[in-house]
Amino acid sequence: MAEMWINMGPQHPMTHGLWNLRIKVDGETIVDAEPEIGYLHRGYEKIMEVREFQKNVVLTDRLCYVSSITWSHAYCLACEEMMGLDVPERAKYLRVITNELQRVASHLMWLAAYGPDLGLLTALLWALRERELFLDLIQLISGARMNQNYPRIGGVRNDAPPDFGKYCRKVIAHFRKKLEDHEKVFEQSKLFQMRTVGVGRISREDAIDWGVTGPNLRACGARIDLRKLDPYDAYPEIDFEPAVAHEGDSYARYKVRMDEMRTSCDLIEAALDKLPAGPYRSKPPRRAEGEGFRRTEDSRGEALFYVIGDGDDRPYRVKIRSPVYSNIFAAPLMMRGNKVADVVAIMGSIDVCVGEMDK
Amino acid sequence: MSGHLVDLWGWSHALASFILWLLSLPLELVNWISFQATGGPAPGVPGLIDFVTGEGLTAFVAVIIAVNILLLWATAFHLLIIMWIERKMYSRLQDRRGIMIGLGSAEILRNTLGRIPLIGRPFRRPSHLGTGFLQTVADGVKLFQKEVITPATADKWMFHAAPVMIAASTLMLFVAIPWSDGFWLMGAYESRVVNGAPAVVPVNPWGILVVLAAFSIAPLGILIAGWASNNKYTLLGGMRAAAQLMSYEIPMLLSIIALVIYAGTLDPFELVRNQTAPLTYGLGPYGSLTVPWVQNWYILNPILWIAFLVFFITVIAEAERIPFDIPEAEAELVEGWTTEYSGMRFGIVFGFKWLRAIAGAALIVILFFGGWSGPVFMTLDAPNLAASGSTYSIPILFQEFWFTVKVYLIFIVFVWIGWSVPRVRIDQILNIGWKSLVPLSVLSILLAALARGTGWF
């Protein structure tokens, strides 16, 4: 069969959002691939220049709606660095807790999307069932299930409700058991292994060259986790080991995310144990001048905010670095030589979120 | 132990005779007028009456009626029920209730019976608390209402011919498969000795072969559908379907050959009759071991287990169900070869896939699970008032009931498998077919031949 280009997107079941993957196929084999993005560009960096520092949290929530808290948190960290603001101890721990809750919820959303990609719709419902519990916890502490608007410059919006730790531990104990069910459906299934092992392999060097970060990079054997390397908040005070796999294929990326959910559960429990008393928020200045540059370990990789203030009450310039933006352009590397059916196995394992990619 | 409820040929023949008798009445009237006027019959009319009410035309009309009954049996009965079973089953696997619109959801019940004080309360209930059976009906009605869109660049004749081809070949399956001792269209009654007693039984010496031939027509329709839509997704889907279905035909036929060597017949009626006998294991020179109270289903014979395994897997592949639903593969190929179809054209190509699954399950039941033989054929005996001493036997648990129950149980296993595993890739599916299933089916032929040759099993 002659080679032909196929558009997978902008409206296609594979895309999980609004973007286009053009693939060049020779029969069923992928010869080349080319992501086309920008369908969801909303001009975030420009809009943020006309809103006050604190009000921008509403926007950063909407960068990725399955991972709102982590994104707002990264923005708040950058602003705090610019303002030279000290965050109370309790707020740091609350941030760790909510970040990790959000990370588990985000990874469960990824798991829910990965199942149908491979033709396993049951996994969607199961993963969303578990995600519901974490959304309940997030709702308990922040009052909302999506776009929580929870982190504040200088802390968090409100303290944890009474018995929050008790509910967290209960959910986590339940979730640990349920995660084994998920592993039965996924990795203990021979068919799942046939679809993912050895598919979409990328080497550690290539991944670093192309700017791949997050679970996708850790799946290549690189122990690069900004919670460890460039720690922020209460992460240096909590001992944990980031999940790492070595194969660099779709299965390794799946494995890293599954392990990361366990790590996050451990982190939440440890943070709850150490949660100090005290204020949860310090008052930020209204106007600020200077530069703030913070990167955090987002659910999908390295999130970066670069905020410049010129003495006004709103930022002069904001730069957002989205991990998905870099990850997705390494996808053609992973795809070449694989079959058409592997497109979903690869793109699903990369975990695309179009909102943060197109900004 | 007879006990079939439906006598398809008898019913349709009687109906055909009645219709043709009604048609002949005007001719009789003409004849009568002629007698009154001239004292003799109208020229040519008695011959015409003989032709209309004769056996030739009656049989022709009866076949048409029987095929239509089978069409209703397939779509109005089986299709609705298995769609409901599938949707309820996978919803339960997914920890939810699934479709819940039933008769109780009807607005009219709440507005009439629901208004009655005291006893009306059960009818004033939320609309989504039913069995969900009406949802499948609603989906069918919705598809009928939708516009049929033909893509501008499609090959129009082939595009519209493909669903007809698929639907016709699937219906051919339903015509070729016997559903009980009386519910069949292909075959003939013959006098045979059954279990030591002479009896008139249906026979169809090439029945299984016809079913398999009907199974292998659909890939052609799918390929045409994929090509004629003139769309890259449908083309890939059609090519995948052709590759998959053709490569799975071979192990399917080979595994049936194993069974045929063991059973010694291709006649579905004969196969089922064999399986109603008591379970017997041949012990070579030492005679045989008979287990009372257990029917001789071929699944109980270890020598045929490999053949059963291969046949079961190939039926799942032939029905294009997960894990072998790569021609459809909604994640990467949108909707595969059915992408460009809309309205009831889509309903046909999508719904008849379920019917092929049911036909496959029926074939599994006939070949390995004893067909329509059941543990009990309950009849309700009523005295025949016309002739004292004799009774009418009205079947309660009849052959069609047992057959349908078994077919649905097999189908539930399909659903169970389909919703707990991901789908495999096209190269992997062909690898499984050619490298695993074909050798296994050849091995099962060898085993069956050994068993026949040595008298063991």
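This note comments on a predicted model with chains A and B, point by point.

1. Conventions. Residues are numbered from 1 along each chain as its sequence is written, and chains are lettered from A in the order in which they are written. Because the model is predicted, local features need pLDDT of at least 70 and side-chain atom pairs count only at pLDDT 80 or more, while totals for chains, interfaces and linings use all residues.

2. Chain B as a whole. Chain B holds 15 helices and six strands (DSSP runs numbered from the N terminus, with at least four residues of type H or I for a helix and at least two of type E for a strand). Its C-alpha trace spans about 80 × 65 × 60 Å along the principal axes. Of the 457 residues of chain B, 40% count as buried. Here a residue is buried if 20 or more other C-beta atoms lie within 10 Å of its own, exposed if 12 or fewer, and partly exposed in between, with C-beta atoms placed from the backbone. Among contacts in chain B between residues at least 6 apart in sequence, 74% join residues at least 24 apart; two residues are in contact if their C-beta atoms, placed from the backbone, lie within 7 Å.

3. Domains of chain B. The assignment gives domain 1 (99-145) and domain 2 (162-454), with bounds taken from an automatic or database domain assignment. The centres of these domains, taken over C-alpha atoms, are separated by 36 Å.

4. Three strands in the order E1-E2-E3 (chain A) make an open sheet with antiparallel pairing; two strands pair if DSSP finds at least two bridges between them. E1 and strand E3 (29-36) of chain A stand at the edges with a single partner strand each, so one side of each has no neighbour in the sheet. On average, neighbouring strands of this sheet are turned by 20° against each other, direction ignored. E1(A) and strand E2 (residues 20-26) of chain A are joined in the antiparallel sense over six bridges, and Met8(A) stands opposite Leu21(A) in E2(A).

5. A further sheet in chain A. An open antiparallel sheet has the strand order E6-E7-E8 (chain A). Its edges are strand E6 (289-298) and strand E8 (315-321) of chain A; each has a single partner strand, so one side of each is left without a neighbour in the sheet. The twist averages 10° from one strand to the next. Strand E7 (residues 301-310) of chain A pairs with E8(A) over six bridges in the antiparallel sense, and Phe305(A) has Ile320(A) in E8(A) as its bridge partner. Helix H3 (residues 68-83) of chain A packs on the sheet, touching E6 and E7 of chain A, and its direction makes about 150° with that of E6(A). For such angles, axes are lines fitted to C-alpha atoms, for helices over the stretch in contact, and values run from 0 to 180 degrees between N-to-C directions.

6. The contact between the chains. Chain A contributes 28 residues and chain B 25 residues. On the chain A side, strand E1 (3-8), helix H4 (89-117), helix H5 (121-142), helix H7 (190-196) and helix H14 (342-350) each supply at least two residues. H5(A) gives the largest share of that side, five residues. The residues of the side of chain A that touches chain B comprise 18 nonpolar, four polar and six charged. In this count Ala, Val, Leu, Ile, Met, Phe, Trp, Tyr, Cys and Pro are nonpolar, Asp, Glu, Lys and Arg are charged, and the others, Gly among them, are polar.

7. Leu120(A). Is this residue, Leu120(A), buried or exposed? Leu120(A) is buried, with 26 other C-beta atoms within 10 Å. Leu120(A) is found in the loop between H4 and H5 of chain A. Leaving aside neighbours within four places in sequence, Leu120(A) is in contact with Gly115(A), Val185(A), Val421(B) and Pro422(B).

8. A covered helix in chain B. Helix H8 (residues 218-228) of chain B has ten of its eleven residues buried, among them Ile222(B), Leu223(B) and Trp227(B). The cover over the buried residues of H8(B) includes helix H6 (156-176), helix H7 (207-215), helix H9 (232-263) and helix H13 (343-368) of chain B. After H8(B) comes Asn230(B), with a positive phi near 55°.

9. The largest nonpolar core. Of its 216 residues, Phe134(A), Ile358(B), Ala361(B) and Ile364(B) touch the most other members. H13(B) gives the most to this core, 16 residues. A nonpolar core is a set of buried Ala, Val, Leu, Ile, Met, Phe, Trp, Tyr and Cys residues joined through C-beta atoms within 7 Å. Not counting residues up to four places away in sequence, Phe134(A) touches Leu101(A), Val104(A), Ala105(A), Leu108(A) and Val171(A).
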